[in-house]
Amino acid sequence: MELQTLTYLVVGASFALYIGIAIWARAGSTSDFYVAGGGVHPVTNGMATAADWMSAASFISMAGLIANMGYGGGLFLMGWTGGYVILAMWLAPYLRKFGKFTVPQFIGDRFYSKSASTVAVICLLIASITYVIGQMTGVGVAFSRFLGVSNETGIYLGMGIVFAYAVFGGMKGITYTQVAQYIVLISAYTIPAVFISLNLTGNFLPQLGLGANLVGTDVSLLDRLNQVVTDLGFAEYTTSVPGSKLNMFVYTVSLMIGTAGLPHVIIRFFTVPKVADARYSAGWALVFIAILYTTAPAVAAMAKYNLHATVNSAITTNGDLYAEESSLKYDERPDWMSRWEKTGLLKWEDKNGDGRIQYYNDKTKSADVLAKAEQAGWKGSELTVNADIMVMANPEIALLPNWVIALVAAGGVAAALSTAAGLLLAISSAVSHDLVKNVFAPNMSDKNELMVGKIAMAGAIVLAGWLGLNPPGFAAGTVALAFGIAASTLFPVIMMGIFSKKMNKEGAIAGMLAGLAVTLFYVFAHKGIFFIKGTEFVDLIGGPNSFFGITPEAFGAIGAVVNFIVAFAVDKVTKEPPEHIQHLVEEVRIPRGAKAVDGAH
Amino acid sequence: MENNAAGYWKATLSLLTKIMIVWFLVSYGAGILFADVLNTIHLGGYPLGFWFAQQGSIYVFIALIFFYAKKMGEIDRKFDVHEE
């Protein structure tokens, strides 16, 4: 069967499945809509959380990022998994015990203040909306690259599918579609990885293959890769660090606490029946996430090796990389290369006019490499590779049948849709429950609130779709900003709400505002005020990364420290929280008496 | 069976502290700060620091969460605050 037809069939079948689930899992009450009725099994919730968590970026881009960064790419792997340890032990069980529908509701009740909950809603909306823009553009990218439709068509299709199960099913519909989406995306990710690992190392587990010897040699994959990339002028794979070790450290902290503070992840833990379930469920979530996250670094190194080996035959034969016949003749390139050239993700420019492809780091500082390239008549690297190709072209590089390529398409779309839906629920519940019900219409009936929730969801989908269609020119920076804001505002305030009985509303509000302000300030200095080009003021703060070489993406951790300091300083000079709040904190700390999650104020 | 809120909270915090120390050591310690030193040791074809940064820390994180969930269950019962 034609690849295109097969891809439509597989992706179409996955959509039919999601819509089938949507029809089965309609929400009949606010409890269904916000927390899937509160009866989700911890393992099921773990799987849904994994799909919620792993976005288009995790699926399509992460391995490519790691391939480019080498060892330093570990910051994404540790940052986006280590946060679950914090979430499991510091936040999830206590918020589950508290037993309300949303994160701002906890902040509002614990800090006995509608202003606190409103500030939390604002932080939540900034974090979730910036995050969802990335997902909607991801939906467009996944559709256009795999299905050959335009970005716009892809986004409209994605909006339609999410509408079907998120508006009518709320959290209930989202939970069960996420389980299905997890299964689709994890098989799509691991099947090609297993075959690539088998081809290269003879080891069918990519996690072991990455540490194994290349087939038929006694040289390990990583040693050989190190040697090849340094010979071609790139940084050594297993030691290259982004910026400095300090930046890597702070970046990892930001991703970890950002993970723990992201509302769309936290609310997933409101769907399990008991406090003990929330603890185990975080463990299961991490198991399901780890299947992809431990495979990704193997995919990264192996795809990088394969790419180099494809264009330079001396890599597998251990010959002279700079010999003329080592470089691949453009006319003899494999099919997958010509296929991806059409998408623009792979570009070749014959700089020295020899009809062969030379791929190396022409900006290297190694005089040795430059001299060899010069001598061989190389006039600059001729191949431009978009990192996303490391995952997307994998099945073709490993010569897998067409149905695997089609499955990878369905997996990419599933990853984008599942995260978008989770974010949309966090956005719509903050609007319907924390703004409309809490601030404007406290006496609204359950039935009306459910209606408002559905309308808010529909509105959020339209807004997200519009932003996806007209990305504000900063789509790439948005996910980092979402983590920065979750890390610097929501995470510290929730933590202090649980672990400090004496923290008062003045401290909490001042802390959140200070964390938000300092993070936005640093990010805007680098990327422009509200990301508007030309409004960068990076010179005012002493040049790029002027704060100890910390990049704006990594700044959330610094924002969190500012939040804590300001909160405790303000707390010291203002009056203690009332007696009943201190009792509330004591209640939240013990599991006994946990009831079903509800929305009562 | 003991029954006091302060004791329960103290036991909880002490468990969290122990787990966070391990959490820190495998990721920030072995994966970042001491990665260069550990890279001189090999685990199969993996330099050890690289392995911790891209594989090992994640496995330890999973173990830590399940260990935590189990231990917390025991502490809950010891102080009689578990769910029925």
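User: So two residues are in contact if their C-beta atoms, placed from the backbone, lie within 7 Å. Which residues of H7(A) and H22(A) meet, then?

Analyst: This is a predicted model, so keep that in mind. On the H7(A) side they are Ser115(A), Ala116(A), Val119(A), Ala120(A) and Cys123(A). On the H22(A) side they are Lys505(A), Ala508(A), Ile509(A), Met512(A), Leu513(A) and Leu516(A).

User: How many of those are nonpolar, polar and charged?

Analyst: Nine are nonpolar, one is polar and one is charged.

User: Where do the two helices sit in the chain, and at what angle do they cross?

Analyst: H7(A) covers residues 114-147 and H22(A) covers residues 505-527. Their axes come within 9 Å and cross at roughly 20 degrees. Angles under 35 degrees count as roughly parallel, so H7(A) and H22(A) are roughly parallel to each other.

User: Left-handed or right-handed crossing?

Analyst: Left-handed, for H7(A) passing H22(A).

User: Now H5(A) and H11(A). What angle there?

Analyst: Roughly 45 degrees, with the axes coming within 7 Å. That angle makes H5(A) oblique to H11(A). The crossing of H5(A) and H11(A) is right-handed.

User: Which residues make that contact?

Analyst: From H5(A), they include Leu75(A), Phe76(A), Gly79(A), Trp80(A), Gly82(A) and Gly83(A). From H11(A), they include Met248(A), Tyr251(A), Thr252(A), Leu255(A) and Gly258(A).

User: Switching topic. What are the domains of chain A?

Analyst: The domain assignment gives two entries for chain A. Domain 1 is 3-304 + 398-589, and domain 2 is 305-397. Their centres, taken over C-alpha atoms, are 35 Å apart.

User: How many residues of each domain are in contact?

Analyst: 30 residues of domain 1 of chain A are in contact with 22 residues of domain 2 of chain A. On the domain 1 side, helices H4 (56-69), H8 (151-201), H10, H13 and H19 (402-440) of chain A each supply at least two residues.

User: Which helix gives the most there?

Analyst: H4(A), with eight residues. By class, that side of domain 1 has 23 nonpolar, four polar and three charged residues.

User: Last topic: what are the confidence scores?

Analyst: The model scores ipTM 0.95 and pTM 0.92. Chain A has a mean pLDDT of 88, and 98% of its residues reach 70 or more. Chain B has a mean of 92, and 96% of its residues reach 70 or more.

User: Which elements are lowest and highest in chain A?

Analyst: Helix H18(A), residues 394-397, has the lowest mean pLDDT, 82. H13(A) has the highest, 95.

User: And in chain B?

Analyst: Strand E1(B), residues 42-43, is lowest, at a mean of 89. Helix H3(B), residues 48-78, is highest, at 95.

Terms used
Residues numbered from 1 in each chain as written. Chains lettered and ligands numbered in written order. Predicted model: local features only at pLDDT ≥ 70, side-chain atom pairs only at ≥ 80, totals over all residues. Domains from an automatic or database assignment. Helix = DSSP H or I, 4+ residues; strand = E, 2+ residues; numbered from the N terminus. Nonpolar A, V, L, I, M, F, W, Y, C, P; charged D, E, K, R; others polar. Axes fitted to C-alpha atoms, helices over the stretch in contact; angles between N-to-C directions. Parallel < 35°, antiparallel > 145°, perpendicular 65-115°, else oblique. Left-handed = near helix turned anticlockwise from the far one by under 90°. pLDDT = per-residue confidence, 0-100.
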